[in-house]
Amino acid sequence: MELNVRFRVNKTTGQVELFDVDHEGPQALDEAEHNRRHAQLAAEIGRQIERDPRVLEMREGVFPDPEAEPEETVDTGTQARPEQEKQVG
Amino acid sequence: MCNPRRIRVTATRQVNQAWEHEVTRAVQLQGLVSGQARALQQLGPTVGVPALQAMQQLLSEGVPGWERSAAGYRHDVEGGHVVYDPAAQTIEIVAECEASVTATGAHTEALSGLLRTEASQTADGQFYDDGWRGLTREVGEKKAQEDAERKLDKEQQRLLREATEDAEQQAAGNVEAIARQEAEERLAQAEAERREQLAADARASLRQVGMRARQAFHQLLARGYQDAILEYAQAHGAIITCNDDQGDTIDIEFRMSA
């Protein structure tokens, strides 16, 4: 599987603004197996920066709303989770 | 006319004089007080282990602005600082406000004493045996006596001055100690009041300091992300087509076979 990975992080806010793991070239596996493998690789790359990355699949040129109810199918793409904070003083 | 004669007169006086003298000492003290407010943020549940390891590697090699501290690594910002603790995987933001405080204490003590001593002064007079120009022996002796008395007056004042200065010198240490104690008590009270006020100021500034602190930490975090992703790419034989760190963002692009 040939992958092209694009990543962008904002140095001031710390927000990951782009993290795409695109498949390029012909699809050698059947669709279900392809999707499974694609998601697995995307998650592996995402885990370099986040413990539990959410992987979203672009459909019809659009990524689904990451705040919407999760679907059963595993998707590609990653998203940063809000950091936990408490004031102590 | 003959040569002038000299007559020497010694005047003696029993000095028996009471005196009073005030000794005052003032002490000014200065202190530096600060107030702080803190916010603790957990990183552990979110940031990936490779990114955390990359950040630790960067810090151990040295990152401008980040200094090793007792709790981890510290970065100063305007109004405070941030401490990143790699072991606990937290960042602690501290807003600090500082101010100097002064306080003065003063004490006066009334001293009194009795100067009792014998003082003597001599003075010379001049006369002519033939009383030329009216300068008889009596006139010369009287003038010498008057001069001697004037010198005695001055000597008595000098002795009095000496007595009061000695008394002041002996009392000064104690008077200053009392003034210092008063200054210390006032300083402690002023410091406590100011510290409370500074803590409130620090709480009010915590949001702004937090923004600056997080910006400093995000710079480090972004480089940690960068190093972690590049290490993964290189370990998987990827071709890196973009690794751009300019402006506000870090951009990476690579192609790999999996």
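Biologist: In β7(B), what is the bridge partner of A:Leu3?

Modeller: B:Met256 is the bridge partner of A:Leu3 there. Bear in mind that this is a predicted model, where local features need pLDDT of at least 70, side-chain atom pairs count only at pLDDT 80 or more, and totals for chains, interfaces and linings use all residues. Residues are numbered from 1 along each chain as its sequence is written, chains are lettered from A and ligands numbered from 1 in the order in which they are written, and side-chain values use heavy atoms, with hydrogens and water left out.

Biologist: What makes β1 of chain A and β7(B) a strand pair?

Modeller: Strands are DSSP runs of E with at least two residues, helices are runs of H or I with at least four, and both are numbered from the N terminus. Two strands pair if DSSP finds at least two bridges between them. Here 9 bridges join β1 (residues 2-10) of chain A to β7(B), so the pair meets the rule. The two run antiparallel, and A:Leu3 lies in β1 of chain A.

Biologist: Why is A:Leu3 called buried?

Modeller: Buried means under 20% relative accessible area, exposed means over 50%, and partly exposed is in between, using a 1.4 Å probe and protein chains only. A:Leu3 has 1%, so the label buried applies. Contact means heavy atoms within 4.5 Å. Leaving aside neighbours within four places in sequence, the contacts of A:Leu3 include A:Val21, A:His38, B:Phe254 and B:Arg255.

Biologist: What makes A:Glu24 and B:Arg255 a salt bridge?

Modeller: The rule wants a side-chain nitrogen of Lys or Arg within 4 Å of a carboxyl oxygen of Asp or Glu. The closest N and O atoms of A:Glu24 and B:Arg255 are 2.6 Å apart, so this pair passes. Across the interface of chain B and chain A, the rule finds 3 salt bridges. As for A:Glu24 and A:Leu3, they are 21 residues apart in sequence and 5.8 Å apart in space, C-alpha to C-alpha.

Biologist: How many residues does each chain bring to the contact, and what area is buried?

Modeller: Chain B brings 44 residues and chain A 36. Buried area is the accessible area (1.4 Å probe) that two parts lose on being put together, summed over both. By that count the value is about 3700 Å², with carbon and sulfur atoms giving 50%. On the chain B side, B:Thr46, B:Tyr232 and B:Ala258 lose the most area to chain A, together 16% of what that side buries.

Biologist: Why is β4(B) called largely enclosed?

Modeller: In β4 (residues 80-85) of chain B, 5 of the 6 residues are buried, so the rest of the structure largely encloses this strand. For chain B as a whole, buried residues make up 40% of 258.

Biologist: How do you know that β4(B) pairs with β3(B) and with β5(B)?

Modeller: By the bridge counts. β3 (residues 72-77) of chain B and β4(B) share 5 bridges in the antiparallel sense, with B:Arg74 opposite B:Val83. Another 6 bridges join β4(B) to β5 (residues 90-127) of chain B, also antiparallel, and B:Asp85 has B:Thr90 as bridge partner.

Biologist: Which residues take a positive phi in the hairpin of β3(B) and β4(B) and in that of β4(B) and β5(B)?

Modeller: In the hairpin of β3(B) and β4(B), with 2 residues between the strands, B:Gly79 has a positive phi near 90 degrees. In the hairpin of β4(B) and β5(B), with 4 residues between the strands, B:Gln89 has one near 55 degrees.
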